[in-house]
Amino acid sequence: MSDADRLHELLGLPAVDFQRETDGAARPAADAAAWRISVDPYDPDEEDVTWEEKFGAFLDAVDPSGVEALIIGQWGETYEENSSYPLGLVIAAADRLTALKAVFVGDLVGEEAEISWIEQSDVTTLLAAFPGLTHLGVRGGSGLEFPPVRHAALRALTIESGGLPAGALRGVLDSELPALERLDLWLGVSAYGGDVTLPDLAPLLAGTRFPGLRHLGLRNSELQNEIAVAIGAAPVVAQLRTLDLSNGTLGDEGAAALLEGQPLIHLTTLDLHHHFLSAPMERRVAEALEPHGVSVDLSGRCEPWDNRGAEGRYTAVAE
């Protein structure tokens, strides 16, 4: 899963795998790590260990009142049991996890489960249980639910998927998130449940939903060119500092629309990595923006499969 690697940090804290046995080594302080709780059903040392047991051991070994960042990794056979299982356990411990600010749900990589195999659930239950949560990340779109919520503290929301359900997107956009500054959405492809259309994005692009938004990622999409055209006239762009349209099927036509639309020179960063731009278009984009101080990521030029032109373009992350 390109660009869907295991988390190395969360909330600026290094990711640390919780182990029940430390062989005498000292654990980091509770607030010095983003703690990943994971069980591997194929590991001989863990095949009989449940996520509930490991999470319970974590709560006993690390002062839960000091934990600020929690990463939910593999919780068993994730295609058999959805994320409501670990989420329910975390929520049940809310009265002990009183400093929790960031949660990432589904930190799995390809050898554990393809992104389309990760069975998610209603992740807004975390927001209801933790009113102080500032960062929420989710990997996997299958079964994902995000009914509209109001949450005063959430500043960053990331949903990584090979196919984002339109219903989940509508729930996000109908939510009241007055503190939201960063929104990253991996839209994915229709073959894996990504049924978001350009009209579904209209409320977001209008710039009226999240007035504090400064970073927008609309990534990993087979609609990347259509999104680029819409971005060219989208009111939300004026309030952004960083824009990420990477990992999708962006070609010369989409890049041209970005340059021919509204000015982007107020941005600090434009991320287009994993793209299908020609070398002349790469130069055109760089020459139009970099002299104004915009950092442009044009790495990872791709070639269409089987020389099929636009029909052979592909997203970075699907299954």
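**Close-up views of aromatic residues**

**View A. Tyr79 sits in a loop of this predicted model.** Look for Tyr79 in the loop that runs between β4 (69–75) and α2 (84–92). Its relative accessibility is 43%, which falls between the 20% limit for buried and the 50% limit for exposed, so Tyr79 counts as partly exposed.

**View C. Phe18 and Phe58 make an edge-to-face pair.** Six aromatic pairs are found in the structure. In the pair formed by Phe18 and Phe58, the ring centres are 5.4 Å apart and the planes meet at 75°; this angle is over 60 degrees, so the pair is called edge-to-face. Phe18 belongs to the loop between β2 (13–17) and β3 (34–39), while Phe58 belongs to helix α1 (residues 51–61), so their pairing ties together parts that are 40 residues apart in sequence. Both Phe18 and Phe58 are buried.

**View D. Phe55 and Phe58 form a stacked pair.** Here the ring centres are 6.2 Å apart and the planes are at 25°, which is under 30 degrees, so Phe55 and Phe58 count as stacked. You can find the two residues in helix α1, three residues apart, or about one turn of the helix. Phe55 is buried, with a relative accessible area of 4%, and Phe58 is buried with a value of 0%.

**View E. Ring pairs join five residues into a cluster.**

Methods:
Residues are numbered from 1 along each chain as its sequence is written. This is a predicted model: local features need pLDDT of at least 70, side-chain atom pairs count only at pLDDT 80 or more; totals for chains, interfaces and linings use all residues. Side-chain values use heavy atoms; hydrogens and water are left out. Helices (H or I, at least four residues) and strands (E, at least two) are DSSP runs, numbered from the N terminus. Buried means under 20% relative accessible area, exposed over 50%, partly exposed in between (1.4 Å probe, protein chains only). Rings of Phe, Tyr and Trp (its six-membered ring) pair if their centres lie within 6.5 Å; planes under 30 degrees apart count as stacked, over 60 as edge-to-face and the rest as tilted.
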